[in-house]
Amino acid sequence: MPSKKALVRRPGPRLADGLVTHIEREKVDVDLAVEQWEAYVEALGTHGWQTIEVDPEDDCPDAVFVEDTVVMYRNVALITRPGADSRREETAGVEEAVARLGCSVNWIWEPGTLDGGDVLKIDDTIYVGRGGRTNAAGVQQLRAAFEPLGARIVAVPVSKVLHLKSAVTALPDGTVIGHIPKVDRPSLFPRFLSVPEESGAHVVQLGGEKLLMAASAPKSAELLADLGFEPVVVDISEFEKLEGCVTCLSVRLRDLYA
């Protein structure tokens with residue numbers, strides 16, 4: 001049976017100092033962000049996910065975006081080497097968490113950089129965004145870690161947004177969804193569906209036809225509901241001010257060995 005565990009990490013007191021790259025900085029309400037994070041975690045739990053809280057890193061403003069620190073394939077955890085120097089200390093606690101879960105642990109080594117937000121898995125195909133935070137050496141090391149396990153690695157350019165999954169994610173049937181102005185090469189994906197809002201491109205598959213989505217994408221939620229999916233909406237406005245989305249606030253571990 002597939003596992004339904006998710007790593008999460010509580011926002012720290014310095015959240016408002018988090019990095020922004022492609023948007024203008026806005027004031028972040030840290031107290032509201034904590035409330036939104038708790039509602040996000042509750043939504044995962046309501047839909048059958050066991051959340052595992054990674055030890056906080058209060059000195060790292062972006063640590064809540066836990067997805068960037070590790071990439072999972074089957075039972076193998078690839079600990080990343082984030083492209084931003086200020087995020088390198090975030091990985092140690094995540095490494096401890098996945099090791100406790102019995103994962104086989106590998107690492108991205110210098111000069112490679114890789115952010116987990118640049119990795120989109122669809123069955124055994126792994127798309128990796130080559131852009132501002134993930135470099136060529138990081139892509140090569142991802143290949144070396146996962147191709148021997150049966151994965152097919154497809155590198156795609158990312159220049160208009162922070163991470164690949166800032167531009168595209170995937171529906172349960174494997175269709176890639178994205179907001180066209182933010183996607184470099186939609187033609188690289190065998191099946192692509194355009195959505196009307198940038199944040200509508202971000203979904204977390206909760207199981208069955210249920211999709212965790214941001215409240216900021218009502219038109220996209222309506223479109224996906226019309227196609228037979230079930231949007232589960234959460235407000236993550238304070239994290240969106242830091243280029244965050246529903247995918248980067250957790251690491252879903254779907255294929256752990258029993």
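Analyst: We'll take overall shape, then the cores, then a few individual residues. Keep in mind that this is a predicted model.

User: Fine. How many helices and strands does the chain have?

Analyst: The chain has 6 helices and 15 strands.

User: What is the radius of gyration, and what would a compact globule have?

Analyst: The chain has 17 Å. A compact globule of 258 residues would come out near 18 Å, so the two agree. The C-alpha trace spans about 40 × 40 × 40 Å along its principal axes.

User: What share of the residues is buried?

Analyst: Buried residues are 54% of the 258.

User: Now the inside. Which residues have the most contacts in the largest nonpolar core?

Analyst: Tyr40, Leu44, Leu212 and Phe239 do, in a core of 26 residues. The elements giving two or more residues to this core are β1 (5-8), α1 (30-46), β12 (204-207), β13 (210-214) and β14 (230-234).

User: Which element gives the most?

Analyst: That is α1, with 6 residues.

User: What does Tyr40 touch?

Analyst: Leaving out residues up to four places away in sequence, Tyr40 touches Val204, Leu212, Val234, Val246, Leu249 and Ser250.

User: Switching to backbone. Where is the cis peptide bond?

Analyst: A cis peptide bond joins Glu110 and Pro111, with omega about 10 degrees. Pro111 sits in the loop between β5 (104-107) and β6 (119-122).

User: Which residues have a positive phi without being glycine?

Analyst: Asp123 is one of them, with phi near 55 degrees. Glu243 is another, at about 65 degrees.

User: Is Asp123 buried or exposed?

Analyst: Asp123 is exposed, with a relative accessible area of 73%. Its place is in the loop between β6 and β7 (125-130).

User: And Glu243, buried or exposed?

Analyst: Glu243 has 13% relative accessibility, so it counts as buried. The residue lies in the loop between α6 (237-240) and β15 (251-253).

User: What does the Glu243 side chain reach instead?

Analyst: The Glu243 side chain reaches the backbone nitrogen of His22 at 2.9 Å.

User: What else is Glu243 in contact with?

Analyst: Setting aside neighbours within four places in sequence, the contacts of Glu243 are Leu19, Val20, Thr21, His22, Ile23 and Leu162.

User: One more. Where does Leu101 sit?

Analyst: Leu101 is in the loop between α2 (91-100) and β5. Leu101 is partly exposed, at 27% relative accessible area.

User: Which residues is Leu101 in contact with?

Analyst: Lys5, Leu7, Ile52, Leu253 and Leu256, again leaving aside neighbours within four places in sequence.

User: How far apart are Leu101 and Tyr257 in space?

Analyst: Their C-alpha atoms are 9.6 Å apart. In sequence, Leu101 and Tyr257 are 156 residues apart.

How values were computed: Residues are numbered from 1 along each chain as its sequence is written. This is a predicted model: local features need pLDDT of at least 70, side-chain atom pairs count only at pLDDT 80 or more; totals for chains, interfaces and linings use all residues. Side-chain values use heavy atoms; hydrogens and water are left out. A nonpolar core is a set of buried Ala, Val, Leu, Ile, Met, Phe, Trp, Tyr and Cys residues joined through side-chain atoms within 4.5 Å. Buried means under 20% relative accessible area, exposed over 50%, partly exposed in between (1.4 Å probe, protein chains only). Helices (H or I, at least four residues) and strands (E, at least two) are DSSP runs, numbered from the N terminus. Contact means heavy atoms within 4.5 Å. A polar contact is a pair of N or O atoms within 3.5 Å; within protein, one must be able to donate a hydrogen and the other to accept it, and residues adjacent in sequence count only if both atoms are side-chain atoms. The radius of gyration is taken over C-alpha atoms; the globule rule is 2.2 Å times the number of residues to the power 0.38.
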